[in-house]
Amino acid sequence: MRKLFTTLAIAVLASSVFSSTSFASNLDSEVTSSASYSETEECVLAHSTDTYRVTFTGGEEAMVMVIGDGDTDLDLYIYDENGNLIESDTDRSDTMICTWTPKWTGKFTIKIKNLGSVRNYYTMWIY
């Protein structure tokens with residue numbers, strides 16, 4: 001299953017063409033979808049953090065991928081419902097991917113932190 005997610009992530013990264021249209025201002029958001037896939041386009045302001053709450057299914061591999069516009073460094077953090085850090089991607093880019101297998105079905109918090117001094121438009125895919 002990890003190979004499938006990795007292959008999918010590479011395909012999305014390779015075919016991604018960034019568009020800066022149709023972005024909404026982000027407040028804390030709850031992504032609720034019964035589908036196994038969602039795509040969100042947003043903008044995180046300078047020195048700010050966008051936060052999402054998403055339900056993931058226990059025992060099924062999960063993936064969150066974020067690609068920014070290249071203007072700043074973004075970091076991605078995934079927390080469980082108890083506030084424990086589950087996974088993160090904190091390199092010096094604005095392209096991030098986190099994969100993990102939740103031990104139980106529950107709400108997870110996704111945080112996208114902008115470390116730069118200008119806003120960053122990004123697309124987030126949740127699988």
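Rings of Phe, Tyr and Trp (its six-membered ring) are taken to pair if their centres lie within 6.5 Å, with planes under 30 degrees apart counted as stacked, over 60 as edge-to-face and the rest as tilted. By this criterion, five aromatic pairs are held in the structure. The model is a predicted one, in which local features need pLDDT of at least 70 and side-chain atom pairs count only at pLDDT 80 or more, whereas totals for chains, interfaces and linings use all residues. Residues are numbered from 1 along each chain as its sequence is written, and side-chain values use heavy atoms, with hydrogens and water left out.

From the N terminus on, the order of elements is α-β-β-β-β-β-β-β-β-β-β. Of the 127 residues in the protein chain, 42% are buried (under 20% relative accessible area, 1.4 Å probe, protein chains only). Among contacts (heavy atoms within 4.5 Å) between residues at least 6 apart in sequence, 73% join residues at least 24 apart.

One of the aromatic pairs is formed by F56 and F108, which are arranged edge-to-face at 5.7 Å centre to centre, with 80 degrees between the planes. This pair links distant parts of the chain, as F56 lies in strand β4 (residues 49–56) and F108 in strand β9 (residues 106–114), 52 residues apart. Both F56 and F108 are buried. F108 also forms a tilted pair with W100, at 5.9 Å centre to centre and 50 degrees between the planes. W100 is likewise buried.

Note on methods: Helix = DSSP H or I, 4+ residues; strand = E, 2+ residues; numbered from the N terminus. Buried < 20%, exposed > 50% of the residue type's maximum accessible area, 1.4 Å probe, protein only.
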